[in-house]
Amino acid sequence: MSTIHSSLPDGHRTAAMQSAPPLKPPVSFSRILELQTWRMLGLVLAIGVMWAVFQVLTEGSFVSPRNLSNLAVQTSVTALLAVGMTWLMVARQIDFSGGALIALLGVIAAKTQVALGWPFVGTLAVLIALGALVGLGQAMLVTRLAIPAFITTLAAFSYLRGTAFIISDGMTVAGLGDRFALVANANIPPAVSVALFLAMAVAVAVFRIQAWRRSPGPVRPVDVAAALTLIACLVVSAWAFGSYRGIPAPVVAALLVVMIATVVADHTAFGRHIYAVGANPEAARRAGIKVKGMLVALFVLSSLLATLGSLIQTSRLDAGSPGTAEFLSLEAISAAVIGGTSLFGGRGTVAGSALGALLMATIANGLSLMGVNTYWQLVTTGALLILALTVDRVTGKEEAA
Amino acid sequence: MDKQAQVHADDQQAPTTMKRRQFISLAGTLGATAALPAALGAGAAQAADAKKVGFALSTFTVPRYVKIDLPVFQKTAQAAGFTTASLQADSKVDRQINDVQNLIGQGISALTLMAVTGESGVGLVRMCKDAGVPVIAYNQMIPSPDVAAYVARDNVDVGVKMAKGAEAFLGGKLKGNFVICSGHPGDGVAMGITQGYMQVLQPAIDAGDVKIIAQQYHQGWDPELARKTVENALSRTNNNVVAVLCNNDGMAGGAIAALRAQGLAGKVFVCGLDATNEACRAILMKEQDFSVFTKYDEMAKTAADLSVKLAKKEALSTARTFPVASGKSVPFFPIESYLVNRDNMVEYLKRYSPGYVDAQIVLRGIPENMLPPGAKELLKA
């Protein structure tokens, strides 16, 4: 079990152990869920406020269907990485290699398409195989040799990037062709997009009302707020995507992944086990959870999501660039942390991380629209991270104990 | 120690002063433990082999350095009867400190230094000065008055050429919304070229004719970040952008991807730097107007020639100087850059393919009516 523990500094481990129930009265699970939901709603509110501010500062360009569509696409790759990252972080792991993997697979995609003239399916198969292999390799180092994920994936951060430079000779390889361009530049037609989002909004409303009718207790404010917010988001999405070009393929991918991951986390044994391992690895192992097998799955998943991200980015750019996505993994970690994922494991939601990614992309996009220097983006993101953690420390004491 | 003192005396410096200064400066940079053995080794090796010149590169990840700069440098120096030693630093400032120490240790009598960043080169130049090795700042300016010569592309001139290209594209009148994609923040090349843009554009900006919608530096010259910059600028202006000036071809590719998504590729002016395979293709497909290419072979040859002269303690002569800190300036050897466009594409490919570019990759799959005269023959060759 040293595997799990060893990826954390001693201080962290101690902190995690102190959170064990005997020291303080336990907080009920439903209370934790409620706090988590409030936190996410706070995040949505923060994003809403920022949109309003940018709307004013950009003289009305920000909240336009076109820019919101762009914003969604600009969020998608980071969000995909953040999903894999969230689960790894919940299980007390980390993955720094996503950005480098995106660069490497992008270069390989471009090389096989441009220089070797492979069929699209061949390139796709190789990318998926390589992505899975990279994840598997990292998982093996972590689970079999007990090398901390921090080091394993930091090494991958380096050798994957280096390989990308070697394969491409340091050059951007462009011109992958129409078939490849379709991957990320396709859209679900606007009319269908509107129908999809409105149907989801109606479904949420119906489901919520039914749940309230069935449950004996009073209606909780948090559930009302959550349902209304979700419906509002769906309606805004219907408007934005419906009035521009429909839902872009990268957004479809990101939304599907976030939705599926949320369902898996909440309603499957696998999902619950991830949180169990994060909360207390030793207890989880004694409870019969196959910790190593689960970690292998998480690392492979993380790399496969990076593979999907690479496909999207390479297709959008029509080029594989060895130096690209340099800080993307750090962005994904930031998104997860802003979204409420704990660096010490056991806590975090995929949806929260996706919102964190949206918040970061909002800042980047808004400042870019304003023509403000990107240096400010770095400063704002840093400030935001500290703010998010401060809010957690102040309001989340009950939960973190 | 006698031997070392001897070498230092040869350099017209008092050995004791030298040693103290060396100690202080090196200890300041990286700690005496690592520095002293190298400094001692320097003296010994230098005496043994005086006919060696060094080349410290910042990285090998940019193909020109491996394919043109280094081999031409080596060939030129060897033709003059010198051996060469070279190291590259993976774009890491700290690694370059070790590289320079190691080269001094190998007894070089002149160093061509492509600093990872200009500022980080200042300490390295001091280190070399203390070891009696003259330094040529290569490709990247090092703001130190102790630099013996500066050999580089005239980046400001490149920026001027690009902006004037935009002017020509716009029918001789600078007017409309511009986007500027600058390279890595803090990079001398990116700053110089951007400065050149502004020289040309500023009067038109002041007159209210030209508006800069966005000017951003892009971490790692990342094409994807440039794509986002252009995408957002297009959103902001509702596609009212007439020109995208890019510091290099990779970012120009990103700009083209953003323009293509709005059906604007080929209608908006785009330029870049380096004349890469991809840029050449984009130029032939009329999505990019031109790229700028610097005669890197001449840059390397010039540096090697100057190294040999410095090693032989000959004087350097040049008409131009480049300003460094505190009102001083250093001899500047600017290397010519020229536009690569449809008209001279074939000629360019003939000279630099294979090696720097690959004519086969450039020309393959380009529709026949888009090929310039003479291209088909190249494709067959």
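A salt bridge is a side-chain nitrogen of Lys or Arg within 4 Å of a carboxyl oxygen of Asp or Glu. The model is predicted: local features need pLDDT of at least 70 and side-chain atom pairs pLDDT 80 or more, while totals for chains, interfaces and linings use all residues. Residues are numbered from 1 along each chain as its sequence is written, chains are lettered from A and ligands numbered from 1 in the order in which they are written, and side-chain values use heavy atoms, with hydrogens and water left out.

**View 1. Salt bridge between B:Lys175 and B:Asp209.** The two side chains meet at 3.7 Å, N to O. B:Lys175 lies in the loop between helix 7 (155-169) and strand 6 (176-182) of chain B, and B:Asp209 in the loop between helix 8 (188-206) and strand 7 (210-217) of chain B, so the pair ties together parts that are 34 residues apart in sequence. Helices (H or I, at least four residues) and strands (E, at least two) are DSSP runs, numbered from the N terminus. B:Lys175 is partly exposed at 47% relative accessible area, and B:Asp209 is partly exposed at 21%. Here buried means under 20% relative accessible area, exposed over 50% and partly exposed in between (1.4 Å probe, protein chains only).

**View 2. Salt bridge between B:Arg236 and A:Glu59.** The side chains meet at 2.8 Å, N to O. The pair crosses between chains, from helix 9 (residues 223-237) of chain B, which holds B:Arg236, to the loop between helix 3 and helix 4 (65-90) of chain A, which holds A:Glu59. B:Arg236 is partly exposed, at 21% relative accessibility, whereas A:Glu59 is exposed, at 68%. A network of salt bridges links A:Arg316, B:Glu224, B:Arg227 and B:Glu231. Over all chains, the whole structure has 21 salt bridges.

View 3. A:Arg285 is partly exposed at 41% relative accessibility, and A:Glu282 is partly exposed at 23%.

**View 4. Open sheet of chain B.** Seven strands are arranged in the order 2-1-3-4-5-12-11, with mixed pairing; two strands pair if DSSP finds at least two bridges between them. The edge strands, strand 2 (83-88) and strand 11 (320-323) of chain B, each pair on one side only. Neighbouring strands are turned by 30° against each other on average, direction ignored. Axes are lines fitted to C-alpha atoms, for helices over the stretch in contact, and angles run from 0 to 180 degrees between N-to-C directions. Strand 3 (residues 111-113) and strand 4 (residues 135-138) of chain B run parallel and are joined by three bridges. B:Leu113 stands opposite B:Ala137 in strand 4 of chain B. Helix 4 (residues 63-79) of chain B packs on the sheet and touches strand 1 (52-57), strand 2, strand 3, strand 4 and strand 5 (149-153) of chain B; contact means heavy atoms within 4.5 Å. The direction of helix 4 makes about 170° with that of strand 1 of chain B.

**View 5. Nonpolar surface patch of chain A.** A:Leu45, A:Val49, A:Val53 and A:Leu57 together have about 370 Å² of accessible area. A:Leu57 is found in helix 3 (residues 29-57) of chain A and is partly exposed, at 44% relative accessibility. Patches are made of residues with over 30% relative accessible area and no salt bridge, with like charges joined within 9 Å and nonpolar side chains (Val, Leu, Ile, Met, Phe, Trp, Tyr) within 5 Å. Accessible areas come from the Shrake-Rupley method with a 1.4 Å probe; for residues, only the protein chains shown count as cover.
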